[in-house]
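Please look over the sequence and the structure below. The briefing that follows covers charges over rings, aromatic pairs and the sheet.

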Amino acid sequence: MGKSFKIAVIPGDGTGPEVIREGLKVIAAAARKFNFSYEHTVFDFGGERYLKTGKTLEEADIKELKKYSAIYLGAIGHPDVKPGILETGVLLNLRFSLDQYINLRPIKLYNAAFCPLKDKEPGDIDFVVVRENSEGLYKGMGEFKDKGTKNEVAIQLSYNTRKGVERCIRYAFEYCRKRNKRRKLTLCGKTNVLTYAWDLWQRTFNEVAREYPDITTDYAHVDATTMWFVKNPEWFDVIVTDNMFGDIITDLGAMIQGGMGIAAGGNINPQSVSMFEPIGGSAPKYTGKNVINPLAAICAAGMMLEALGEIDAASAIEAAVIKVVSKKLKSLAAGKMGYTTQEVGDLVVGLLNK
Ligand code: IPM
Ligand code: MN
């Protein structure tokens with residue numbers, strides 16, 4: 001008898017429900033094939049619920065979510081809700097309250113035809129960004145002084161604790177070792193300007209590195225990192241960085257792997273409940289049209305199963321996605337795939353059922 005899981009599903013806003021539907025189809029097929037079982041419960045957090053009730057996420061909701069093996073999230077963001085409310089009230093609240101201190105973003109090119117960079121093959125773009133997910137500028141610390149006057153000052157602080165930085169860096173070293181590809185970990189920062197935060201990061205990185213003599217270490221400033229992503233992405237294996245830089249470089253990462261249609265991420269609490277999501281957002285203009293690419297959500301489902309220990313299921317999902325991306329789709333972009341959202345889900349399920 002295989003393992004059994006409880007999955008909390010938050011389809012969320014916009015195209016979230018459409019892509020999650022396909023992801024759930026794929027999980028069901030994987031469960032049949034690889035002999036694990038699960039039950040899932042759907043939660044309605046997001047824009048519609050906020051507009052009806054004024055509520056984003058309550059403490060009781062967090063308590064409830066802690067009972068699950070993992071969370072599968074579609075997208076958060078609604079055109080009728082002021083930017084910031086749902087992002088902080090739902091998405092960041094989930095990350096912070098569940099102490100999902102790692103944002104894990106694999107950047108992998110599956111088909112050279114979908115890469116905007118010239119002469120790059122799938123093997124050239126295959127790295128992972130480990131983004132700190134609980135501190136830095138995202139902590140929301142700061143203040144206005146003399147708001148609304150000519151002398152106004154807005155202060156936004158980056159908050160970095162030794163403990164927070166160290167647990168992230170340790171995770172990155174462990175991940176790099178387990179991944180066992182090039183065994184190279186790059187610290188991406190800004191030591192030449194942000195001399196408090198990046199001094200702490202650099203010192204911690206150097207200290208922890210001594211415990212991992214098998215891992216080659218490297219450092220790149222964040223601005224240079226964006227340049228290398230375009231020029232020499234093959235240099236990277238695992239990158240560790242803070243919350244804000246990680247947010248920025250992973251969107252660029254998504255583009256060089258073929259776009260938001262394929263980019264997935266995990267919000268990881270290694271000791272507790274983790275959450276997996278396509279990173280493309282709610283895409284209001286494509287909502288309800290059956291044209292959005294569900295592969296990012298399907299890849300997020302694969303990451304979730306891997307985190308739950310269903311390694312074979314995760315590999316089979318990735319293999320199926322690679323086939324669909326390299327043999328079927330005309331494009332990874334919404335409306336241009338040559339297939340509907342549902343048909344893309346069916347293609348992946350068909351390959352899994354083989
Ligand atoms: C991401 C997103 C979020 C972030 C937003 C929606 C709050 O851009 O997951 O990268 O900034 O972390
Ligand atoms: Mn982002």
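A charge sits over a ring if NZ of Lys or CZ of Arg is within 6 Å of the ring centre and within 35 degrees of the ring normal. This is a predicted model, in which local features need pLDDT of at least 70, side-chain atom pairs count only at pLDDT 80 or more, and totals for chains, interfaces and linings use all residues. Residues are numbered from 1 along each chain as its sequence is written, and side-chain values use heavy atoms, with hydrogens and water left out.

**Charges over rings**
- Arg131 has its charged end over the ring of Tyr138, 5.0 Å from the centre.
- Lys6 places its charged end over the ring of Tyr68, 4.8 Å from the centre.

**Aromatic pairs**
- Rings of Phe, Tyr and Trp (its six-membered ring) pair if their centres lie within 6.5 Å; planes under 30 degrees apart count as stacked, over 60 as edge-to-face and the rest as tilted.
- By this rule there are 13 aromatic pairs.
- Phe173 and Tyr212 form a stacked pair, with 4.8 Å between centres and 15° between planes.
- Phe173 counts as buried because its relative accessibility is 0%, where buried means under 20% relative accessible area, exposed over 50% and partly exposed in between (1.4 Å probe, protein chains only).
- Tyr212, at 5% relative accessibility, also counts as buried.
- Phe5, Phe36 and Tyr38 are linked into a cluster by ring pairs.

**Sheet**
- Strands (E, at least two residues) and helices (H or I, at least four) are DSSP runs, numbered from the N terminus.
- Two strands pair if DSSP finds at least two bridges between them.
- Ten strands form an open sheet with mixed pairing, in the order E2-E1-E3-E12-E11-E4-E5-E10-E8-E9.
- Its edge strands, E2 (37-42) and E9, each pair on one side only.

Terms used:
Chains are lettered from A and ligands numbered from 1 in the order in which they are written.
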